[in-house]
Amino acid sequence: MLVVQILSYVCVALFLTMVIAKVIKYATTPIHLRWELYPVAHEKGRSGYGGSIFEELDWWTKPREVDRLNEYKEMFLEIAFLKGVFKHNPRLWVFSFPFHFGLYLIIVWLGLAFILSILFAAGVAFSTGFGKFVQVIVAVLGYSGLILTTLGALGLLFRRIANADIRRYSAPIEYINLVFILVVTGVALAVHLAVDPWLHGPIAYLASLVTFSKAEAFPAALQVEFVLGSLLLAYIPLTRMAHFIAKYFLYHDVRWSDDPNPRGGKIEGKLKQAFGYPMQWQGPHIQTGKSWAEVGTSFEEVKEEKK
Amino acid sequence: MSASRKPQETRVQDICLPCEQLVELDVKDIPKLPPPYENWEDQPISPLSEEKRAAAEHSLDGIIGMRIPKPKNDQEKEELVKKFLSGLERLFSKEDNWTFFQPFLLSMENCVKCNTCAEACPIFESSGRAEIYRPLFRADLMRRIAQKQRSPLGGLLSGLTGNGIKVTWETVARLADLAYRCTLCRRCAQNCPMGVDNGMLTRELRKVFSQELGLAPEELHADGTVKHLTVGSSTGINKHALMDILEFAEEDIEDRTGLKIKLPIDKQGADILIMHNAGEFLSWPENLEAFAILFEIAGLSWTLSSDLVGYDSVNYGLFYDDVQYTRVTLRHAEIARKLGVKKVVMGECGHAHKAFMAVGDRMWIEEANIPRESALTLMEDLVCNEKVMVDPRRNDFPVTLHDPCNVVRSMGIVQPQRNILKKICPQFREMHPHGVHNYCCGGGSGFAIMQSNNFPDWRMRISGRKKFAQILEAFRDCIDPSINKYVCAPCSNCKGQIRDLLTYYDAWERTRIMYGGLVELVVNAMVDVKEGFHEWEFH
């Protein structure tokens, strides 16, 4: 069992390291040119039809009204219900929504299991009234999550195989990713139905991990589930399945990024730094090695293109 | 000889097939048009002459847009492939590509291939779903090549990841042409649930070819930004010619309206510097004249610039090259600063709006950061707040509005133009869809000015097809040629494309659909201007 525990620690560490590295990679990029796309969710009173402050006469003299509430509402609808997929690709949504919602339920289930593992380590037991209530909640969350994810993954796999348009662009790895998830959720479902119907095993196992204590001797089937679950966790950030990290940046730093650049402001400071970067482009009209500021203001020299 | 697959069955890995032409388009695959064009039959796209086939690359679809000279030998091919790969690598450099580094990285690494983008793309749809035009095709190809080159295990795991694309000269040449089969309208990005922007990736691809290999359509580079920066305008208008044009405009205003207006030029400290797409001066001088009439009657303090680059608001760099974009936009900013104006107003040019106001918001810095505004909002203030008086009965004919992608989807300027039209055109009707969900005219990203070889054939039959269908639908209830109709396109490039579409489909003769800008309709309705400013003469 110790080997399984060590594997889980390694996988969690790999997951966290890779996720944090990805976040840092996207968060530390230099400022870029504005490239927003309307509708922008926080445009107060205008997001419904896709308007912006540019519609105002002398817009730079007007207060910039940002509707964070609407932005959060749009984020919630997008994250929880995949609003964009529902609107633009409803056939995909039929499978994608249960898949993602199932994953959310699994995350909530594991989060709850994590909290319970701490409580149980502190002496709370399933035999109390509160314990029994929580037991039902855990089971509902766990089974719902596993069933929805399994069905969704099956549907997505079927669609990828059956739809010629999608099949044409699918590499083996895309099938492997879905099959991996199917195996993990399918095994978990089978194991719990067979040997751990109230899903106590994961809670006890998490408790052992949280308290750095030796785990009890779980049945082999449960050990297989823990190994597969851990491996999946470490595998996700290596694949496009980690698109949840990028989606935040795609929306907030690009699609909805309409912060204006007033004179003397923070953005201007970052731009001045960027204009100082040297460029190595080799095109005949570019003075390779000079800075963006130098090349950008050397329009006369454009006549003397490199041979 | 062509590849044996149908256009609807091409696979990404076919891109390197050693055949003379990968895809043969069939006009029979193009969707039908609404009445009265149900029986319209397109002529096939003009085949290239032997001479042209021998001189320029055409191995993607038999269309020459970019005019890439054929390499002379294998060594030259190898060098070009190497350059392409080094250029692709530079997109991943913070210093070389700070302008789009973050959006590029995010879109390259996070597409989940759900194909939602395909249904949003008018080119893919109008081609009869030719795979090479699917937004994912081009982007997936870029991703596979980049992953294979960049990932330490890229080559080893190519069987699993699908990255086994051979990067040969055929691959590179076809990618170059593919970069010019998308109008960068970003409808695909708008529909992407992830926020991935395959349109932006197309532009990044264009940058590789221009900024590293020195390959770009002549109309955009040699006759575009280079001419703009050296002669003063991509139209070739120099300062002397500009003065003649302005003189002609003054005379024409007097002939049309009886008004004597002196066009102000280089007026230091004016409130407004208006910048027009200089294409208007040659093709639609009534647009320049209408702005002058409107501003003078409204009593605005305004000026034009005669400075090199300053009398042409276009910035074709926005379509293909960040360096050229930077050069043109910094020059525009410097001209505004020198004139000491309070604001710069963009005339009716969509990409200039975006180049000055949205993208340019992170180019105009320090003292050169002069506020920029759309002529549409300024006109809305003048018309809707009754600073000029209008009589809508003068525009009592069916009018529909084309939304330029750069103005709506990329900038969120949606209502001002509608508020004006509702005020001055009693028979205004929308196209569907419209506003930020509009369809591109089919001439976006420089296509409208790419007039050589058989590229215009493709532009008329495929990239512009959806827009023409939308125009017909908007006028379905009054399509009879006894009724004059007007497509309002407040953007020079869109106007050029719509002019070409109406000409190709013989629409003026068959349906009496005319096109023009917005300011012309405003002036046509102004009670202080002699009736009949707008002339029903197709040109």
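Q: How many salt bridges does the structure hold over all chains?
A: Keep in mind that this is a predicted model. Over all chains, the structure holds 59 salt bridges.

Q: What makes B:Lys343 and A:Asp58 a salt bridge?
A: Their side chains meet at 2.8 Å, N to O. The cut-off is within 4 Å, for a Lys or Arg nitrogen and an Asp or Glu carboxyl oxygen.

Q: Is B:Lys343 buried or exposed, and what about A:Asp58?
A: Buried means under 20% relative accessible area, and exposed means over 50%. B:Lys343 has 9%, so it is buried. A:Asp58 has 25%, so it counts as partly exposed.

Q: Which other salt bridge links chain A with chain B?
A: One of them is A:Lys272 with B:Glu366, at 3.0 Å from N to O. The count between chain B and chain A is 8 salt bridges.

Q: Where on chain B does the largest share of the side touching chain A come from?
A: Helix α15 (residues 322-339) of chain B gives that share, with 8 residues. As for the residue types on this side of chain B, they divide into 42 nonpolar, 29 polar and 34 charged.

Q: Why is B:Asp381 called buried and B:Lys387 partly exposed?
A: B:Asp381 comes in at 11% relative accessibility, so it counts as buried against a limit of under 20%. B:Lys387 has 47%, and exposed needs over 50%, so it stays partly exposed. These residues form a salt bridge with each other, their closest N and O atoms being 2.7 Å apart.

Q: Which residues are linked in a network of salt bridges?
A: The network links A:Asp165, A:Arg168, B:Glu119, B:Arg129, B:Glu131 and B:Arg134.

Q: What area do chain B and chain A bury between them?
A: They bury about 8,400 Å², with 60% of it on carbon and sulfur atoms. In chain B, the residues losing the most area to chain A are B:Trp98, B:Arg327 and B:Arg362, together 11% of what that side buries. The contact takes 105 residues from chain B and 85 residues from chain A.

Q: How do you know that β3(B) and β4(B) pair?
A: Pairing needs at least two bridges. There are 3 bridges joining β3(B) to β4(B), so the two strands pair. They run parallel, and B:Val344 has B:Arg372 in β4(B) as its bridge partner.

Q: Why are β2 and β4 of chain B called edge strands?
A: The open sheet has 4 strands in the order β2-β1-β3-β4 (chain B), with parallel pairing. Strands β2 (302-303) and β4 (372-374) of chain B each pair on one side only, and that makes them the edge strands.

Notes:
Residues numbered from 1 in each chain as written. Chains lettered and ligands numbered in written order. Predicted model: local features only at pLDDT ≥ 70, side-chain atom pairs only at ≥ 80, totals over all residues. Heavy atoms only, no water. Contact = heavy atoms within 4.5 Å. Buried area = accessible area lost by both parts, 1.4 Å probe. Helix = DSSP H or I, 4+ residues; strand = E, 2+ residues; numbered from the N terminus. Nonpolar A, V, L, I, M, F, W, Y, C, P; charged D, E, K, R; others polar. Buried < 20%, exposed > 50% of the residue type's maximum accessible area, 1.4 Å probe, protein only.
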